[in-house]
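Open the model in your viewer and keep the sequence panel beside it. This tour gives one selection at a time and says what is there.

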Amino acid sequence: MPFLPLSQSLRRLWALDTFPYSLRIFIALSTTMAVGWVNDQMALVMPVFLGTIACALAETDDNWRGRLRALLVTLLCFALAAFAVQALFPHPWLFPIAMVLATFGLTMLGAISPRYQAIAYGTLILSIYTTIGMDQRGGSGNAEWLEPALLLTGATWYGFLSVLWCALFTHQPVQQNLAALYRVLGGYLTLKASLFEPVRGVDQEVKRLALAQRNGAVVTALNTTKESILNRLEAVPSHRMQYYLRLYFIAQEVHERASSSHSPYSELTETFFHSDVLFRCQRLLRLQGHACERLARAILLRVAVIPDTVSAQAQQDLQDSLAHLEGLQQPHWQRLLATLTALAKNLGTLQTRLTSASLPAPEAEVQDHALLDRSPQSLRDAFDRVWRQLTPATPLFRHAVRLSIALAVGYGLLHWLHARQGYWILLTTVFVCQQSFGATRRRMVQRVVGTLAGLVVGWALFRLFPSLLLQAMFAVAAGVVFFGNRTRHYALATGSMTLLVLLSFNQIGDGYGLIVPRLVDTVVGSLIAGLAVFLILPDWQGRRMHEVAARTLTTCNLYLRQIMAQYQSGHGGQRDDLAYRTARRNAHNADAALSTALSNLFQEPGFLQGRSDSGLRFLLLSHTLLNYLSGLGAHREALQNAPGDASTEQAAALVGKVLDELATSLATSQAVPPANAEEEAVLETLCAAPTDATHRVVQSQLALIGQLLPPLRVQAGRLLAADPAG
């Protein structure tokens with residue numbers, strides 16, 4: 001394999017999403033280590049390191065002005081927390097009370113927005129770092145307020161680098177998020193193509209379940225990209241940001257068209273088994289998935305998109321195959337042939353949108369460029385968000401209580417055992433304790449395994465490289481590895497952080513003496529976190545599965561209303577205005593939340609999985625419902641006045657009514673209402689011959705949705721009847 005040119009290699013390295021983050025950390029840690037080494041003040045390096053780490057953990061994506069404001073708030077919170085710990089640390093009874101109250105309050109601040117959640121989390125971490133430093137220095141230390149000053153120095157230094165980086169490289173996070181979005185869209189399209197496999201006897205439910213789970217990744221990427229663009233659109237207006245905004249809108253439409261379904265796939269396979277038309281659909285979808293991946297690479301590396309001629313030929317082959325089927329005049333497949341025609345039209349529009357993504361000119365059809373800003377708009381709004389979460393029914397409140405009690409137990413235990421380096425117990429508890437049991441269990445294993453690996457590597461480095469200068473370099477490298485992997489490979493990140501601590505403490509003392517206490521404290525802190533999640537206000541997914549399911553039906557109903565409003569508005573063409581895009585995104589967010597809840601449920605103890613089977617079947621039905629709604633939304637055109645309009649509107653209203661009834665029953669845990677004769681009669685009218693292609697698409701999609709109502713009603717009833725404790 002030939003070597004890439006140096007410039008291309010550097011461009012690819014620069015395009016990695018973890019590289020800028022890691023480079024900032026490297027600059028912050030290496031300069032701190034260099035200053036400490038040159039001035040022979042290595043005893044002061046570790047607190048500065050910890051302040052840098054806490055500030056980096058509190059960092060969120062933003063423009064430089066927003067990052068500066070967030071940094072000032074972060075430093076204020078850090079100062080209050082550090083000096084409070086300094087003042088209360090000598091008082092063993094007052095300190096835990098203040099720690100419990102502060103932990104609860106900081107955790108509840110996460111209800112405001114992700115930015116404040118990150119700041120609160122970083123503040124909590126820094127307060128424990130302060131206790132660790134105080135413990136190392138034997139209480140108040142030789143110099144009063146030394147520990148808070150060193151921690152704030154590290155936080156300020158990294159914060160300055162972060163703000164400067166945001167100002168110099170404003171568009172880089174948007175590029176990376178957009179590239180990640182199109183990359184995951186490409187994977188989604190490729191997986192969707194597998195549903196058109198023209199093979200009998202294939203288990204379609206397994207593929208549909210995998211597609212529902214992959215849809216959650218697309219939704220997450222869309223949300224991340226939207227926030228990244230929103231944070232910069234007004235603060236940093238530019239032609240490039242407008243181009244990125246258009247790419248985001250294109251990705252939204254591609255997602256809607258890719259997630260749409262026009263008929264049960266098994267029925268298509270059985271009817272057109274002897275034709276190549278499904279193969280043509282599959283090939284075109286796969287090529288479009290590859291086009292998304294090429295576009296992702298072009299965005300990331302800022303290079304021109306390679307023109308694609310193969311997809312255009314595949315699209316023409318699909319049209320020729322459909323024309324051949326229409327010429328055969330087989331009456332028994334005319335209904336599904338119309339479905340295939342709508343599918344081919346959808347794929348053709350999808351191809352057009354992907355092709356237009358490489359064009360720099362703005363598009364006239366995008367009329368509403370507004371993005372929904374979910375951040376609090378006032379202090380009153382922020383207060384209301386926290387107030388609404390102050391109830392044991394919310395997962396955030398339960399987590400805040402659980403974490404506060406866990407830290408109090410850890411504090412009491414470390415004093416009872418007189419544990420060496422005992423405050424690492426508290427730090428481990430904060431890192432391991434998550435809102436769900438499954439996430440906490442994963443963190444427990446990863447934390448212990450990573451810590452053990454880091455201790456072994458640290459011991460080996462002590463033996464192999466006794467030079468303190470080399471160990472200082474290894475410490476900086478370990479910090480970079482930690483931040484490059486903390487969100488994807490937590491065990492590796494934990495091992496790196498353990499290595500950083502060992503090597504840094506070895507600069508001023510005996511690093512060997514930290515090995516056993518670090519391992520013991522990690523095990524104890526992890527056990528406390530695991531027991532807290534299991535015993536203290538446990539948030540078992542099975543107990544709230546019906547609420548999550550109700551949310552999916554409610555958002556699907558609102559999505560249906562927005563779609564039908566555009567069909568009935570009398571204005572031709574699609575209008576992707578803010579109201580429509582918000583309803584569509586909320587429906588997909590709810591679908592992803594249901595998929596995540598089920599994934600967490602399967603990681604809980606077996607005796608708590610009583611709703612796993614009914615929840616899984618409900619997910620398949622609700623995701624299929626969302627697919628049919630997406631198909632309805634993909635073909636939005638104004639309905640011309642026709643005799644069938646009244647029945648179409650009546651059917652849409654009936655579907656919305658049934659979805660609302662099912663959602664209410666699930667949300668309130670009441671009995672599911674039975675079907676009535678009116679429901680069947682209205683849905684039967686959809687079988688009447690429509691007058692034009694648009695009516696045919698609307699009626700066929702509503703008929704498909706109507707066919708889902710009986711099984712949805714059954715699964716909703718089973719979901720309510722299932723025992724969450726098994």
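**Before you start**

This is a predicted model, in which local features need pLDDT of at least 70 and side-chain atom pairs count only at pLDDT 80 or more, while totals for chains, interfaces and linings use all residues. Residues are numbered from 1 along each chain as its sequence is written, and side-chain values use heavy atoms, with hydrogens and water left out.

**Stop 1: a nonpolar patch**

Select Trp37, Val38, Leu464, Phe465, Leu468, Leu469, Leu470 and Met473, and show their surface: they make a nonpolar patch of about 740 Å². Patch residues have over 30% relative accessible area and no salt bridge; like charges are joined within 9 Å, and nonpolar side chains (Val, Leu, Ile, Met, Phe, Trp, Tyr) within 5 Å. Accessible areas come from the Shrake-Rupley method with a 1.4 Å probe, and for residues only the protein chains shown count as cover.

Now colour helices α2 (18–38) and α19 (468–485), each of which supplies at least two residues of the patch. Helices here are DSSP runs (H or I, at least four residues), and strands are also DSSP runs (E, at least two), numbered from the N terminus. The most residues come from α19, which gives 4.

Next pick Leu464, which belongs to helix α18 (residues 437–464). Is Leu464 buried or exposed? Its relative accessible area is 62%, so Leu464 is exposed. The cut-offs are under 20% relative accessible area for buried, over 50% for exposed, and in between for partly exposed (1.4 Å probe, protein chains only).

**Stop 2: the largest cavity**

Rolling a probe the size of a water molecule over the atoms shows where empty space is left. A search of the whole structure finds 2 cavities of 30 Å³ or more. On a 1 Å grid over the protein atoms alone, a cavity is a set of points where a 1.4 Å probe fits but cannot get out, and lining residues have an atom within 4 Å of a point. Grid points are joined across faces, edges and corners, and a volume is the space filled by probe spheres set on the points.

The largest cavity holds about 60 Å³ of space. To see its lining, select Lys192, Phe196, Arg257, Ala258, Ser260, His262, Tyr265, Leu285, Leu343, Asn346, Leu347 and Leu350. Two or more of these residues come from each of α10 (239–258) and α14 (334–356). The most come from α14, with 4 residues. Sorted by class, the lining has 7 nonpolar, 3 polar and 2 charged residues. Ala, Val, Leu, Ile, Met, Phe, Trp, Tyr, Cys and Pro count as nonpolar, Asp, Glu, Lys and Arg as charged, and the others, Gly among them, as polar.

**Stop 3: the second largest cavity**

The second largest cavity has about 50 Å³ of space. Select its lining: Phe196, Ser260, Ser261, His262, Ser263, Tyr265, Leu268, Thr339 and Leu343. Here α11 (265–271) and α14 are the elements that give two or more residues. This lining has 4 nonpolar, 5 polar and no charged residues.

**Stop 4: salt bridges**

The structure holds 12 salt bridges, each a side-chain nitrogen of Lys or Arg within 4 Å of a carboxyl oxygen of Asp or Glu.

Glu59 lies in the loop between α3 and α4 (64–88) and Arg24 in helix α2, so the pair ties together parts that are 35 residues apart in sequence. Both residues, Glu59 and Arg24, are buried.

Go back to Arg257, part of the lining of the largest cavity. Arg257 forms a salt bridge with Glu253, at 3.1 Å between the closest N and O atoms. Both are in helix α10, 4 residues apart, so about one helical turn separates them.

**Stop 5: two loop residues**

Most residues other than glycine have a negative phi. Select Asp40, where phi is positive, near 55 degrees. Asp40 sits in the loop between α2 and α3 (45–57). Then select Arg302, which has a positive phi of about 55 degrees and lies in the loop between α12 (277–301) and α13 (310–328).

Notes: 1 Å grid on protein atoms, 1.4 Å probe; cavity = no way out; pocket = protein on both sides within 12 Å on 5 of 7 lines; lining within 4 Å.
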